[in-house]
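Okay, thanks for coming, everyone.

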Amino acid sequence: MLELYQNDGIISEPAGALSVSALDLLDPNIIKGKNVADLYVNDKTLTKNKFISGWFCTGDLGYVKDGNLYFAGRKDSLINVGGNKVNPREIESFIKKIKFIDDCLVYGIKDEILQMKLGVLLKLNTKNNINETKPKSLENTIKKLKQSTSRLPDYKNPKIIFIVDTIPR
């Protein structure tokens, strides 16, 4: 598993007779068991879309490791960048490791060529008075961010950067 997901929370071991499948991080978790519904009342379309061969498609992204289920986001929060599915939590986790970044929010921006491109809101760490870790200008902030994210594929690098005082949650 990528180290970018090391901060994801463990959900739990599957409860009782519940079966969980998390085949791939980009595939939603599917579950089945006696304690899981098998249809949506009065909604045949939603039932058809959410239930496949007795499995309920939760829309949650995650992975199973050592018998535990870890939550890594929602399928509906993936951003399609030129056909590549990007989990914004992955990029946020990476950016938050940068010493001068206190918080961030990665989001999709419509793009005529790529469908979407990544934008990021950055809240700088104002508590740290060590000049070596704190950029002195907007240009240096962008330069340090690009250096830090250069290990990521280009489509995972934010193209629009905003410095903000607070991150809307």
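So, strand E10, residues 115–124, runs parallel to E11, and the two share four bridges. Strands here are DSSP runs of E with at least two residues, helices are runs of H or I with at least four, and both are numbered from the N terminus; two strands pair if DSSP finds at least two bridges between them. Within that pairing, leucine 122 sits opposite isoleucine 163 in E11.

Quick caveat: this is a predicted model, where local features need pLDDT of at least 70, side-chain atom pairs count only at pLDDT 80 or more, and totals for chains, interfaces and linings use all residues. Residues are numbered from 1 along each chain as its sequence is written, and side-chain values use heavy atoms, with hydrogens and water left out.

Back to the sheet: what order do its three strands take? They go E9-E10-E11, in an open sheet with mixed pairing. Strand E9 (101–111) and strand E11 (160–163) are the edges, each pairing on one side only. Ignoring direction, neighbouring strands are turned by 20° against each other on average. Axes are lines fitted to C-alpha atoms, for helices over the stretch in contact, and angles run from 0 to 180 degrees between N-to-C directions.

Then there's helix H2, residues 88–95, which packs on the sheet and touches E9 and E10, contact meaning heavy atoms within 4.5 Å. The direction of H2 makes about 145° with that of E9.

Zooming out, the protein chain has three helices and eleven strands. In sequence order, that reads β-β-β-α-β-β-β-β-β-α-β-β-α-β.
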